[in-house]
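Please consult the sequence and the coordinates alongside the text.

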Amino acid sequence: PVLCPLFLTCCNDTYYKSVAQSLRAVGAYVYSLRPTPTTASPELMEILPVFDVVRAKLTATDIDQEVKERAISCMGQIVAHLGDSLQAELCSCLPIFLERLRNEITRLTAVKALIAISSSSLRIDLRCILADCLPVLSSFLRKNQRALKLSTLVLLDTLVRNYSPGLSLASLAPVLAELPPLVSETDLHIAQLSLALLTSVVSSHPATISTIQKSVLPEVLRLAESPLLQGAALAAMLDFFRTLVSAG
């Protein structure tokens, strides 16, 4: 009751730095209100006026880049921690994240926000954007921006693990098509995350194994021969083989 009106005032400040930092503070404040899904807090409803302001910043196009990014991150935290209390607002809010994914300037921030949302133990309903997200995310795996590739692989893995009933073989096809070049000794961190994603796909959708066997498995076996393979990448490969064998 004391902090929220102050955040509200700062979010409407004329100086963009004040707005950006207040959005950052709101994101942290939401987490402190409800660090776990079982935490019951009578102050949750206090955040609703702030939610409306953050949504307005999220949809605005004529604002500073830093404010745009902070608004995306802040809304990601709000949905991840309070999504079950904001069911009515989700259908109007989640498509904005899809729009931000399609924007070259905001796509990395949007991917990171969606990681927070899809990792939430509240299991936020993402059906309204899930099918449209995958082709966009798969296209990011072709980009030269390493940070974008890494975050995209983490997001895809999280979506496959937590939302597998909402994913079809057809929707996973463009993702699988982009993975062979990523399973390489050139970048073992990217190879590790790609193998982790493959493991999740095989585990939740065994019907993809025939596709993986033709397209990605030769690259996995080539990487297995590399003298550079070690550590987390090697562990991810062993986990992939274990899952592949147990799937028959």
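This is a predicted model: local features need pLDDT of at least 70, side-chain atom pairs count only at pLDDT 80 or more; totals for chains, interfaces and linings use all residues.

Residues are numbered from 1 along each chain as its sequence is written, and side-chain values use heavy atoms, with hydrogens and water left out.

**Helix pairs**

Two packed helices are described by the angle between their axes and the distance between the axes. Helices here are DSSP runs (H or I, at least four residues) numbered from the N terminus. Axes are lines fitted to C-alpha atoms over the stretch in contact, with angles from 0 to 180 degrees between N-to-C directions.

| Helix pair | Axes come within | Crossing angle |
|---|---|---|
| H1 (residues 3-11) and H3 (residues 48-59) | 9 Å | roughly 20° |
| H5 (residues 87-101) and H7 (residues 127-140) | 10 Å | roughly 15° |
| H10 (residues 188-204) and H13 (residues 231-246) | 8 Å | roughly 20° |

The angle makes H1 roughly parallel to H3, a term for angles under 35 degrees. The crossing of H1 and H3 is left-handed, that is, the near helix is turned anticlockwise from the far one by less than a right angle. Cys-4, Leu-8 and Cys-11 of H1 make the contact (heavy atoms within 4.5 Å) with Pro-49, Val-50, Val-53 and Lys-57 of H3. By class, six of these residues are nonpolar, none is polar and one is charged. In this scheme Ala, Val, Leu, Ile, Met, Phe, Trp, Tyr, Cys and Pro count as nonpolar, Asp, Glu, Lys and Arg as charged, and the others, Gly among them, as polar.

H5 likewise lies roughly parallel to H7, with a left-handed crossing. From H5, Leu-94, Pro-95, Leu-98 and Leu-101 meet Cys-128, Ile-129, Asp-132, Cys-133, Val-136, Leu-137 and Phe-140 of H7. This contact comprises ten nonpolar, no polar and one charged residues.

H10 and H13 are also roughly parallel to each other, and their crossing is left-handed. On the H10 side, Leu-188, Gln-192, Leu-195, Leu-198, Thr-199, Val-202 and Ser-203 take part, facing a set in H13 that includes Ala-236, Met-237, Asp-239 and Phe-240. Ten nonpolar, four polar and one charged residues form the contact of H10 with H13.

**The largest pocket**

A pocket is an open set of points on a 1 Å grid over the protein atoms alone, where a 1.4 Å probe fits, with protein on both sides within 12 Å along at least five of seven lines; lining residues have an atom within 4 Å of a point. The volume, being the space filled by probe spheres set on the points, is about 160 Å³ for the largest pocket. Of its 13 lining residues, Gly-27, Arg-70, Ser-73, Cys-74 and Gln-77 are the closest to the centre. At least two lining residues come from each of H2 (16-33), H4 (65-82) and H6 (107-119), and H4 gives the most, with five. The lining divides into five nonpolar, five polar and three charged residues.

Notes. Angles under 35 degrees count as roughly parallel, over 145 as roughly antiparallel, 65 to 115 as roughly perpendicular and the rest as oblique.
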